[in-house]
Amino acid sequence: MMEWIKTTIVPHFNFWIYVVIMMLGLWAAIGKNNLIKKLIGLSIFQTAILLLYVSMGVKEGASIPIVDETMGEAAVDFMAQGGGAAGATAFPINPDLFANPLPHVLMLTAIVVGVATLGVALALCQVIFRDFGTLEEPEILNQIQTIQDDV
Amino acid sequence: MILPLDIILLIFLVIAAVVALKLRDLLGAAMVFSTYGFLICLIWAEMGAVDVAFTEATVGAGISGALMIATIFKTARKSSD
């Protein structure tokens, strides 16, 4: 059992936690009655996906993706020329020294989009509360049902 | 990546997520959700994603918590589950 934890759980701990958090968010978005609780669950679901993608860019022994003097004179010159200037034949930076920055930039966009959708959803919650006087889903569905029965 | 710090922060993250979803007081749930945002910001910084970390610190721990508290003050504070 301990051996199994050491070889299976610990090296991929980010991915195990990603699954746990994603299922927590899915459960809240489906199973909770309160609309604000559903939105908290939706945000948790979103951060789980961000965790998956950023975990893909992690390397053992790597640092933050910023070029400085510790990566060598050639690397600094290469970046000073705009990265890939005319005459550069080889890529002078060792990619093992820093985490893969591509998933980071992609997830940066996802975070900003996520807070925008959260803001719109909270505004819709306020409109729903003004019309129905409650944020509990069963009560809202009951009121909609009575309106439809009257018509 | 620093593995012991990573494991501790991820365990705290799961605890914060469960508490935020289980609290019946929505104001408390919004506070714990801000804590969740700050914890995941620490995880990004520890994994080397510094740009994602400071975006998450402003957006996840700051703005989304403030938006949620503003909505709760305009609507109801009690939740049924």
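Me: Leaving aside its neighbours within four places in sequence, what is A:Ser43 in contact with?
Reply: Once those neighbours are set aside, A:Ser43 touches A:Leu118 and B:Phe33; contact means heavy atoms within 4.5 Å. Bear in mind that this is a predicted model, where local features need pLDDT of at least 70, side-chain atom pairs count only at pLDDT 80 or more, and totals for chains, interfaces and linings use all residues, while side-chain values use heavy atoms, with hydrogens and water left out. Residues are numbered from 1 along each chain as its sequence is written, and chains are lettered from A and ligands numbered from 1 in the order in which they are written.

Me: Thanks! Where is A:Ser43 found? And is A:Ser43 buried or exposed?
Reply: A:Ser43 belongs to helix H3 of chain A. Helices (H or I, at least four residues) and strands (E, at least two) are DSSP runs, numbered from the N terminus. A:Ser43 has a relative accessible area of 12%, so it is buried. The cut-offs are under 20% relative accessible area for buried and over 50% for exposed, with partly exposed in between (1.4 Å probe, protein chains only).

Me: At what angle do H3(A) and H5(A) pack?
Reply: About 175 degrees, with the two axes 10 Å apart. Axes here are lines fitted to C-alpha atoms, for helices over the stretch in contact, and angles run from 0 to 180 degrees between N-to-C directions. H3(A) and H5(A) are therefore roughly antiparallel to each other. On that scale, angles under 35 degrees count as roughly parallel, over 145 as roughly antiparallel, 65 to 115 as roughly perpendicular and the rest as oblique.

Me: Which residues meet there, H3(A) to H5(A)?
Reply: On the H3(A) side they include A:Leu39, A:Ser43, A:Leu50, A:Tyr53 and A:Val54, and on the H5(A) side they include A:Pro103, A:His104, A:Met107, A:Gly114 and A:Leu118. By class, this contact of H3(A) with H5(A) has 15 nonpolar, four polar and no charged residues. Ala, Val, Leu, Ile, Met, Phe, Trp, Tyr, Cys and Pro count as nonpolar, Asp, Glu, Lys and Arg as charged, and the others, Gly among them, as polar.

Me: How many residues does helix H5 of chain A have?
Reply: H5, residues 102-132, has 31 residues, and from first C-alpha to last it reaches 45 Å, close to the 45 Å expected at 1.5 Å a residue. That expected span is 1.5 Å times one less than the number of residues. After H5(A) comes A:Gly133, with a positive phi near 75 degrees.

Me: What covers the buried residues of H5(A)?
Reply: The cover includes H3 of chain A, together with helix H2 (26-46) and helix H3 (50-74) of chain B. Among the buried residues of H5(A) are A:Met107, A:Ile111, A:Val115 and A:Cys125.

Me: Nice. Which residues is A:Met107 in contact with, leaving aside neighbours within four places in sequence?
Reply: A:Leu50, A:Tyr53 and A:Val54. The C-alpha atoms of A:Met107 and A:Leu50 are separated by 6.1 Å, although the two are 57 residues apart along the chain. A:Met107 itself is buried, at a relative accessible area of 9%.

Me: Now a loop. Where is the place of A:Gly57?
Reply: A:Gly57 sits in the loop between helix H3 (35-56) and helix H4 (73-80) of chain A. A:Gly57 is buried, with a relative accessible area of 0%. Apart from neighbours within four places in sequence, A:Gly57 contacts A:Ala99, A:Asn100 and A:Pro103. From A:Gly57 to A:Asn100 is 43 residues in sequence but 4.5 Å in space, C-alpha to C-alpha.

Me: And B:Ala49, buried or exposed?
Reply: B:Ala49 is buried, with a relative accessible area of 0%. Its place is the loop between H2 and H3 of chain B. Neighbours within four places aside, B:Ala49 contacts A:Val54, A:His104 and B:Trp44.

Me: How many helices does chain B have?
Reply: Chain B has three helices and zero strands. Buried residues make up 52% of its 81 residues, and its C-alpha trace spans about 40 × 20 × 10 Å along the principal axes.

Me: Last one: at what angle do the axes of H2 of chain A and H1 of chain B cross?
Reply: At roughly 5 degrees, with the axes of H2 (residues 13-31) of chain A and H1 (residues 3-22) of chain B coming within 10 Å. H2(A) and H1(B) are therefore roughly parallel to each other. Their contact involves residues including A:Ile17, A:Leu24 and A:Trp27 of H2(A) and B:Leu10, B:Val14 and B:Lys22 of H1(B). By class, the residues of that contact of H2(A) with H1(B) are 15 nonpolar, one polar and two charged.
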